[in-house]
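The sequence and the structure are shown first.

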Amino acid sequence: MTSVDETAKPTKISNAALLDGALKSVAGFSARSVELFKKIAELSLLKTTLEVDLKTQADTVKFLNEVLCCEVENIREQWENKMESKADIDLLFVETSNAVSYLQETLHFFVPVLKWILVKTSM
């Protein structure tokens, strides 16, 4: 018969499993964020009229990008607090920085969409 203390012990997760989970979390969130921007761009191009002015739409997309970048950093911090290996923490930091860069580049790819909307609505 086992005591309550023996069954209540948390299991130790290996450093490799922690790093794997962290990288998958950051990559998965980043991929879904890029997909979100793609869908926003598609829907924006399909509209025949603007419900809001172009500046408001651009500001909203920019703010959304900032929020998503902050969330990537929050994911990193949550995983980093569980890690013990400095090398793993450094690798996670580098990969998180890359993910934030990809999200910021996605915002730059949205500029031609906004220009096209401007041209289309001014006709």
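## Helix 5

In this predicted model, helix 5 has V113, L114 and I117 as its buried residues. Viewed down the helix axis, these buried residues fall within an arc of 95 degrees, so they line one face of helix 5. An α-helix has 3.6 residues a turn, so residues three or four places apart point the same way. The face turned away from the buried side of helix 5 carries K115 and S122, which are exposed.

Helix 5 runs over residues 111–122 and has 12 residues. From its first C-alpha to its last, helix 5 reaches 17 Å, close to the 16 Å expected at 1.5 Å a residue. Its buried residues pack against helix 2 (15–46), helix 3 (54–80) and helix 4 (86–109).

## Helix 3

Helix 3 has 27 residues, which should span 39 Å at 1.5 Å a residue; the end C-alpha atoms are 39 Å apart, in agreement with that value.

The buried residues of helix 3 are L54, Q57, V61, N65, L68, C69, V72, I75, R76 and W79. The partners against which the buried residues of helix 3 pack are helix 2, helix 4 and helix 5.

## The largest nonpolar core

In soluble globular proteins, nonpolar side chains tend to be buried together. The largest nonpolar core of this model comprises 23 residues, of which V26, V72, W79, M83, L92 and F110 touch the most other members. Helix 2, helix 3, helix 4 and helix 5 are the elements that give two or more residues to this core.

The contacts of V26 may be listed individually. Leaving aside residues up to four places away in sequence, V26 touches V72, I75, L92, E95, T96 and A99. Two of these partners, V72 and L92, are also named among the core residues that touch the most other members.

## Cysteines

The count of disulfides comes to 0. C69 is in no disulfide, and the nearest cysteine sulfur, that of C70, is 7.1 Å away. C70 is likewise in no disulfide, its nearest cysteine sulfur being that of C69, at 7.1 Å. A disulfide would require the two sulfur atoms to lie within 2.5 Å.

Notes
Residues numbered from 1 in each chain as written. Predicted model: local features only at pLDDT ≥ 70, side-chain atom pairs only at ≥ 80, totals over all residues. Heavy atoms only, no water. Helix = DSSP H or I, 4+ residues; strand = E, 2+ residues; numbered from the N terminus. Expected span 1.5 Å × (residues − 1). Buried < 20%, exposed > 50% of the residue type's maximum accessible area, 1.4 Å probe, protein only. Arc of directions from axis to C-beta. Contact = heavy atoms within 4.5 Å. Core = buried A, V, L, I, M, F, W, Y, C linked by side-chain atoms within 4.5 Å.
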